[in-house]
Amino acid sequence: MKRFLILTKAMTLMHLRNGYVLFWNFAFPVLLMFIYGAIMSQFMDYMTPGVIVLNALSFGLVSSSTMMLEMREKSVLRRLQATPLPAGHLVGSYLLVNIIIGILQSTLIIATGALLYKVPVSAASLLLAYPMILAGLLAFMALGGIISGAVAKSGAASAIGMTVYFSLMFISDMIFPLDMLPGWLQNVVPYLPAYPVTQLVRSALLDASLDANWVSHFVLLVTYGAGAMLIAAKLFRWEPKA
Amino acid sequence: MSQTMIDVRNLTAAYGSLTALNGVNLTVAKGEIFGLLGPNGAGKTTLLANVEGLHKPKQGEVHVGGISVQTDAAAAKRQLGIQLQKTALLDDLTVAELVEVYAALYEVYLTSKEIDALLARFDLVEKRNTLARRLSGGQQQRLALAVAIANDPQIVLLDEPTSALDPHARRAVWDVIRQLHDEGRTIVLTTHSMEEAEALCGRIAIIDRGQIVACDTPSALIANLQLNSMLKATVELPLEQVRTLPEVSNARYTGQHLEVETARPEVTLTALHELAARSGRSIRDVMLRQPNLEDVFLKLTGHALAESN
Ligand SMILES: Nc1ncnc2c1ncn2[C@@H]1O[C@H](COP(=O)(O)OP(=O)(O)O)[C@@H](O)[C@H]1O
Ligand SMILES: [Mg+2]
């Protein structure tokens, strides 16, 4: 346990001392809220949960694995593998730090929405929204883990992650409502991983209630999350691909 | 017989279809400084990786401190202090934080006093709060060594600990390695420098193309091959007479210089002086080159140690 705490403290320091990490994780989400607020201030109730999920999506698919990929490429992971530290502790510690970052990001976005754009939030809505955000984060990070494991270089991983992120972001009811999409796409999108998270977070945050279809959203999300975690664990590598 | 700390038995290791090690056998006893000497690509790093539990052998077994690396990797890793050839430590941590974290990974928890004592040995105390990535090359190498022994291991494995260093930094690292040895630790290091192997190692395994071609003390390696010394002198004497001198196996001229291969240079030199005196010639600029590990390597493998660097 002490070992896990010391390792987690080290991981936290590494994230906090990294300028890129700080900007992309903490300044960028707030900046995003300012931008959407400037161009569509009357829709910020709809947009704020959308920004939370699109941020969680880019964080899960791309940013959250950046430092792990960097450690893999620079042989830091190999050096860690030479110690008796079990792989599960390393991954667990890394995930813990990144989940906390992801939750902090969402908190910054919610605070910006509530304070600047009068998005109505209450204790009850927050209490319900955070578990939904957490579930989404876990599923997105697991999907990001598949990309990291499958791809040789960190550059390729972020390119693939960004592509998936942009595709899902535009169609998953985050910034454009579903009925703006062509009919066939409207039938497909609900089965993709980001859409259920958007619905769950939005109804939790705005109405302090569960979405009407929450059971099917949850089943889908757990299927994606658990499936992706298994695959990501299988693909986990200590070394970069030659 | 002293205790065996590392025991490598019939080890064959591959990367896909490339065989990097082929039937390697090796034992290292407690308290040795043992050198793996060989050119780039010989298999030194792969051999260490198999001892460290970082690479799964195709065949064979490795024990460290009596524990099997293959069946009990975690316990085996606890015996070892490690410095990898390509060492990258956790980025964005300070020198003191790094030492603390790496010791903790072995469930060894150092007080800040103990951390400072360790850093002092590596001349890094003033750098304790400096981020590791801001250190010079020599300092980083010393930090890698400090991290390697942070868990107080009995066996220390160092992969090319000095290869990227200038001569001054290199000697500083040699001193540290000798200190670790004086404390009774068993040390295995790899190098492609014959000078380093001779300066530090009690025993050496010469490794080439995935096989150990010889393993002994440096002096025994040289003596066993009965390599000749080379006597050089500036003197004009008929070659056929020089060749009949005692112990001489060959003689030739390169320009003004007479080069004489001899098994016993002191005997030959005396005879050469006598011959010169009888012929009324004077000998100048006498030089003796004794056989070294470089010659051993060349003789055993048919190619030079340095050529593939
Ligand atoms: N990760 C790897 N993948 C494929 N081949 C490798 C890998 N590491 C080493 N090799 C090959 O294995 C052989 C031995 O390499 P190595 O053990 O690194 O030698 P040394 O440390 O003596 O320079 C070389 O031919 C090298 O190209
Ligand atoms: Mg090597």
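These notebook entries record what I looked up in the predicted model.

**Conventions.** I worked with a predicted model in which local features need pLDDT of at least 70, side-chain atom pairs count only at pLDDT 80 or more, and totals for chains, interfaces and linings use all residues. Residues are numbered from 1 along each chain as written, chains are lettered from A and ligands numbered from 1 in the order written, and side-chain values use heavy atoms, without hydrogens and water.

**Ligand 1.** I listed the residues near ligand 1 (a heavy atom within 4 Å); among them are Tyr15(B), Pro39(B) and Thr46(B). I noted that α1(B) supplies the largest share of this shell, three residues (helices are DSSP runs of H or I, at least four residues; strands are runs of E, at least two). I then looked up polar contacts to the ligand (N or O pairs within 3.5 Å). An oxygen atom of ligand 1 lies 2.7 Å from a backbone N or O atom of Gly41(B), and for Lys44(B) the distance from a polar backbone atom to a ligand oxygen is 2.8 Å. Taken alone, ligand 1 exposes 560 Å², of which the protein buries 65% (Shrake-Rupley method, 1.4 Å probe).

**Domains of chain B.** I found an assignment, automatic or from a database, of domain 1 (4-223) and domain 2 (228-290). Their centres, over C-alpha atoms, are 45 Å apart.

**Helix α2 of chain A.** I placed Ile35(A) in helix α2. Ile35(A) counts as partly exposed because its relative accessibility is 46%, between the limits for buried (under 20%) and exposed (over 50%).

How values were computed: Buried means under 20% relative accessible area, exposed over 50%, partly exposed in between (1.4 Å probe, protein chains only). A polar contact is a pair of N or O atoms within 3.5 Å; within protein, one must be able to donate a hydrogen and the other to accept it, and residues adjacent in sequence count only if both atoms are side-chain atoms.
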